[in-house]
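Biologist: I would like to learn how to read a two-chain model. Can we take it step by step?

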2 protein chains.
Amino acid sequence: MIESAAVIGLGLIGGSLARDLAAKGVHVFAGDRDEAAVRAAAEQGIARPLTWNEPVDVVVLAAPVVAARELPGELAGRMEGVRLITDVGSTKRSIVDAAEQLGIGDRFVGSHPLAGDHRSGWDASRTGLFVGAPVYLSPCRSTDADAVELARELWTMVGAVPEVMDAAEHDRRLAWTSHLPQAASTALSRALAAAGIARSDLGPGGRDVTRLAGSSPEVWADILADNADEVLPALDALEVEMRGLRQAVASGDRDRLRQFLASGREWHAQHP
Amino acid sequence: MIESAAVIGLGLIGGSLARDLAAKGVHVFAGDRDEAAVRAAAEQGIARPLTWNEPVDVVVLAAPVVAARELPGELAGRMEGVRLITDVGSTKRSIVDAAEQLGIGDRFVGSHPLAGDHRSGWDASRTGLFVGAPVYLSPCRSTDADAVELARELWTMVGAVPEVMDAAEHDRRLAWTSHLPQAASTALSRALAAAGIARSDLGPGGRDVTRLAGSSPEVWADILADNADEVLPALDALEVEMRGLRQAVASGDRDRLRQFLASGREWHAQHP
């Protein structure tokens, strides 16, 4: 049972988690470099400022990827009595390795909630963000079964759907399901910007394709750098497809173009 | 004033236009290879089957690009008394040229409504589809001013926002604003399909990026082939950006990645 939690980082994910946990009766303590966010959370009765004077069951590292990887070292001495340490980052190998090396691997389970949008910060946080959202849980090699169960409990409490996935498998998979779409959306946006096209010139479909370009450059630079070895093959695969399409367009062969487009549509039609 | 209109092609666009015009009291006559669609429109009191026995003010060619280009030849003899002939295709140079060559250029104004989604067919058509939607109007060199005014009136009646744009400028612009996003979405979908990723594995952002892959392969093969000379430079520009991103990822240089991503976000932020 989770009675108290420290949430470090009150952005979209951390802030929303703090709101939901507080609503479930969990005593939430919050830390953030941005003192205004901590003050706002306190004023709204969601979380008290984190002082580490009270013991907590769970610590959630909800700052951006790099910062989260740096945090455990700084905080390792304060983790006594903590039954679960988790994060909310979009890559899992590096933080799981860092936790193991810091000697907190027994209580560390990496979390990656597939929730949120291109907005960020405390002001974007809200209750119910995780309802129905998949959350990948990546334990360390040395993680206790109790800690994994507590991670499941944490996310289930806020309506999410946890699934345990090895960190390496997670990072390989997310390179395709998340990092590649982000890369494509950003690259397309840059091409349009260079051509003098405004986003308001696009139809609804074009706005969909470029929506992810609004994501945080700080967060995404960290993700793409952190997962570079898995992202590069995905980028290469997209380049192969772009070339195939270019050749089909250049050929003027409508049947070939139709086949190319039809295979994309078939894939879409399986989950429209 | 528009009292009667023939709509040829009862798909998403033609069907929706027929519904809206009928709701405004216009006598609508409808033709479609699919007799069931014509029957459905008649049964719902939206349009009578087109026989060409009644004179009409306006003829709307709402069949796919290639078919629309073939239609005027077949129908040129029936266009007596018609004050405006228009289409709804996504490219404009080829149909405007064809209309000029057929000798109906004086009454022809190409239309391209930026409305609809990846769905298609009469069943997807609905009232109000064009409310607030931009519609590009591309006259021929010989088009009468009256025909242009009638085209404005037609689209304004159904709530759209017409804008006159030269056919060449239209096709250049749409290569970027519409055809390139479609190409990127389809290429990404094919890359994901080849990697064994299902669309249901994606988060909301990834689903946004791949939504256009559900577009009609028939319609889009025609569009991309018809506008190949403008689409190819746009594809090349996207490839340049993809390569730039690949290099930034491979470099492991977070500042470089951040700058790349930040420029995409700046563009997005102008019209979020």
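Predicted model: local features only at pLDDT ≥ 70, side-chain atom pairs only at ≥ 80, totals over all residues.

Biologist: How many helices and strands does chain A have?

Modeller: Chain A holds 10 helices and 8 strands. Its C-alpha atoms fill a box of roughly 70 × 40 × 30 Å along the principal axes. Take the contacts in chain A between residues at least 6 apart in sequence: 72% join residues at least 24 apart.

Biologist: How are chain A and chain B related?

Modeller: Two copies of a chain are related by a rotation about an axis and a shift along it. In this case the rotation is 180 degrees and the shift is 0.0 Å, and chain A lands on chain B with an RMSD of 0.1 Å. The two copies are therefore related as by a two-fold rotation axis. In chain A, A:Val209 has the C-alpha nearest the axis, 2.0 Å from it. Both copies use the same surface: 100% of the contact residues of chain A recur in chain B.

Biologist: How many residues does each chain bring to the contact?

Modeller: Chain A brings 73 residues and chain B brings 73 residues. On the chain A side, helices H6 (167-194), H7 (204-209), H8 (217-226), H9 (228-251) and H10 (254-270) each supply at least two residues. H6(A) gives the most, with 18 residues.

Biologist: Which residue classes make up the side of chain A that touches chain B?

Modeller: That side divides into 41 nonpolar, 18 polar and 14 charged residues.

Key
Residues numbered from 1 in each chain as written. Chains lettered and ligands numbered in written order. Contact = placed C-beta atoms within 7 Å. Helix = DSSP H or I, 4+ residues; strand = E, 2+ residues; numbered from the N terminus. Nonpolar A, V, L, I, M, F, W, Y, C, P; charged D, E, K, R; others polar. Least-squares fit on C-alpha atoms with pLDDT ≥ 70 in both.
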